[in-house]
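Subject: Handover of a structure and notes on its features

Dear colleague,

Please find the structure below, together with an account of what was found in it. I would be grateful if you read the notes with the model open beside them.

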Amino acid sequence: MTSIFLKFKMDLLNKVFRLTSMKFVSLSSFLLLLMGCDTNQQSNQVAKPLGNNKPNIVFIFSDDLSYKDISAYGQRNYKTPNLDELLSNSTRFTQAYTGAPECAPSRATMLTGLHVGHAPIRLNSSARGFEPLPDNTYTFGKMLQEAGYTTGVIGKWGLGYKDTAGNPLNQGFNYHYGYLTHYEAHSYFPLNLYENNKEIEFPQNESLNMQLLYELERNPESLKNVQFYKENGELALMDMKTAAYTPDLIDTKVSEFIEREKDNPFFLFFTTNLPHGPVIVDDLRQLKNRDDMSLLSKSWGAMVQRLDISVGKLIKKLKAEGLYDNTMIIFASDNGYAMHNSYRSENGESIWPDDEFLNNKGPFHGGKFSALEGGMRVPFSIHMPQQDYAEIISEPVWLLDLFPTFKDVSGYQGNLDVDGFSLLPLLEGDRNSIPKDRLMYFYKQNQQAARKGGFYAYRDHPEQPVQLFLLEEDQRAQVNLANIYPKIAADFKEILDTIHQPSQWYWNPGDTPQNFKKKQHLAEETDQIIKRYRPNNMKLMPWERNKTN
């Protein structure tokens with residue numbers, strides 16, 4: 001009788017899987033979940049040992065992707081089939097953190113393996129401007145070169161202009177194509193891009209009105225009479241037959257890099273700027289007939305679909321060249337939720353509103369530019385060579401773990417002094433390879449936070465008390481347990497009080513606007529202001545104009 005019942009349950013589960021197309025969890029893992037078992041402890045499928053083989057490494061790094069922008073993460077308004085397929089053969093980390101809640105320090109902490117308390121770049125801007133990586137920085141690009149890899153970064157760099165030490169060619173990359181600075185990467189129809197320091201101009205893009213795109217986010221009602229897209233969903237603002245559209249250009253360069261380097265181990269850092277705003281896309285695709293949606297929401301969703309197309313092209317090229325089975329593929333985003341800016345409620349609390357149409361924010365409190373959980377949590381997955389199954393890992397990890405992971409994967413024999421742990425033992429089945437009480441530190445100006453074990457500690461200012469959240473029971477971080485666990489809260493306070501090394505130019509925790517203005521004045525007096533490069537001949541960004549008015 002028992003065997004008949006089990007057969008019935010297995011038949012039922014098979015039918016459920018066929019109906020729901022849940023490709024990214026194996027049937028055995030799903031059964032274990034129903035039985036109340038922990039798949040982290042029970043799964044028999046682990047990454048195959050690499051041995052002496054040097055796999056290629058492809059890192060797909062999206063920009064401002066929301067936690068639920070991908071259909072495999074819960075998006076229901078459109079499909080992302082290529083990313084879904086990749087995830088169905090990857091290890092998905094359900095508690096993954098970036099190193100910082102904004103672009104530059106997120107990239108810098110990851111490239112150096114150093115947390116924001118002592119990383120060379122700590123915020124998007126210092127008192128001097130957009131800081132480049134210093135010339136003495138040791139990046140995972142440099143390590144991979146020493147390990148015998150040809151390295152390329154294609155897309156958004158954001159860590160130094162071509163005449164600075166932060167130029168990617170000075171920071172461990174043999175090849176670069178794309179944007180060099182943050183503001184330039186706001187345009188998907190740029191007037192220029194860079195290829196190994198050579199400036200490539202696109203005069204056909206001069207007709208783009210960037211200010212119009214920023215207004216769509218800030219004041220959409222004023223643009224009701226502007227036709228952004230044609231009835232068939234195609235972009236109307238630009239002539240797509242002649243315009244230079246960055247995602248298309250980058251896809252071509254990605255394919256050329258793979259073709260050129262296919263005979264030797266390579267590392268491809270594919271740093272797309274999708275779906276970072278201001279929103280504009282070549283075609284609205286699956287959302288073109290969604291008249292119930294705002295134009296902003298349709299454009300954002302279509303940009304995520306365009307990202308999915310790029311992923312599909314990349315994987316297709318790897319397979320066509322016979323490289324897919326020997327390639328490690330990482331997918332992640334640079335920071336937490338960013339689709340909508342935060343605002344202050346009546347009681348002074350910062351609120352990050354979910355998009356009413358896409359519902360893509362995820363369950364976390366906070367968003368980009370904050371050290372709250374929602375500013376730090378990101379989608380993150382790793383596909384290992386020949387991996388043909390899905391795995392779910394719930395141990396807390398962060399993107400700083402990639403540096404030591406690349407060390408193990410590449411076979412590099414040198415020593416590293418970094419703030420991460422290799423994920424390779426974890427991928428190979430050792431769930432105790434990373435200490436359960438490992439520390440992750442985050443900050444944004446006066447805000448500080450830390451993750452250790454099951455707890456997430458946060459404070460708005462060094463003079464404010466530490467708030468303590470047990471994330472396993474309180475994913476939205478709504479219940480402050482500092483009074484229940486005063487010893488743990490005190491331990492976190494000690495960490496936050498001592499972990500951050502003061503910086504001459506960045507805003508340190510506890511600084512005031514007056515202190516920071518003194519730093520800015522010193523930078524001006526000593527002629528150390530770093531030039532800013534803005535997109536499509538813009539003199540000032542919208543928020544810069546607001547400050548000068």
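In which loop is Asp64 found? Asp64 belongs to the loop between strand S1 (56-62) and helix H4 (81-87). Please keep in mind that this is a predicted model.

**Backbone features**

Most residues other than glycine have a negative phi, and most peptide bonds are trans. Against that background, Asp64 has a positive phi, near 70°. Asp64 is also buried, with a relative accessible area of 4%. Asn197 likewise has a positive phi, near 80°, and is placed in the loop between S6 and strand S7 (198-201). Its relative accessible area is 31%, so Asn197 counts as partly exposed.

The bond from Leu274 to Pro275 is cis, with omega near -5°. Gly277 and Pro278 are also joined by a cis peptide bond, with omega about 5°. Pro275 is in the loop between strand S8 (266-271) and H9, and Pro278 is in the loop between S8 and H9 as well.

**Two helices**

Helix H9 (residues 295-320) consists of 26 residues. From its first C-alpha to its last, H9 reaches 37 Å, close to the 38 Å expected at 1.5 Å a residue. Of the 26 residues of H9, 20 are buried, so the helix is largely enclosed by the rest of the structure. Just after H9 comes Gly322 with a positive phi of about 70°.

Helix H11 (residues 402-410) is mostly covered, with eight of its nine residues buried. Among these buried residues are Phe403, Phe406 and Lys407. Gly411 follows H11 and has a positive phi, near 80°.

**Aromatic rings**

A pair of aromatic rings is described by the distance of the centres and the angle of the planes. The structure holds 30 aromatic pairs. Phe140 is buried, with a relative accessible area of 0%, and Phe403 is buried with a relative accessible area of 0%.

Tyr161 and Tyr194 have ring centres 5.6 Å apart and planes at 90°, so their pair is edge-to-face. Because Tyr161 lies in the loop between strand S4 (150-156) and strand S5 (175-179), and Tyr194 in strand S6 (residues 192-195), the pair ties together parts that are 33 residues apart in sequence. Both Tyr161 and Tyr194 are buried.

Ring pairs also link a cluster that includes Phe59, Tyr138, Phe140, Trp157, Phe403 and Phe406.

Charged side chains sit over rings too. Arg92 lies over the face of Tyr73, 3.8 Å from the ring centre. The charged end of Lys361 sits over the ring of Tyr337, at 5.9 Å from its centre.

**A sheet**

Four strands form an open sheet in the order S15-S16-S17-S18, with antiparallel pairing. Its edge strands, each pairing on one side only, are strand S15 (439-444) and strand S18 (467-470). From one strand to the next, the twist averages 15°. S15 runs antiparallel to strand S16 (residues 447-452), and six bridges join the two. Phe442 has Ala449 as its bridge partner in S16.

With kind regards

Terms used:
Residues are numbered from 1 along each chain as its sequence is written. Side-chain values use heavy atoms; hydrogens and water are left out. Two strands pair if DSSP finds at least two bridges between them. Axes are lines fitted to C-alpha atoms, for helices over the stretch in contact, and angles run from 0 to 180 degrees between N-to-C directions. The expected span of a helix is 1.5 Å times one less than its number of residues. Buried means under 20% relative accessible area, exposed over 50%, partly exposed in between (1.4 Å probe, protein chains only). Rings of Phe, Tyr and Trp (its six-membered ring) pair if their centres lie within 6.5 Å; planes under 30 degrees apart count as stacked, over 60 as edge-to-face and the rest as tilted. A charge sits over a ring if NZ of Lys or CZ of Arg is within 6 Å of the ring centre and within 35 degrees of the ring normal.
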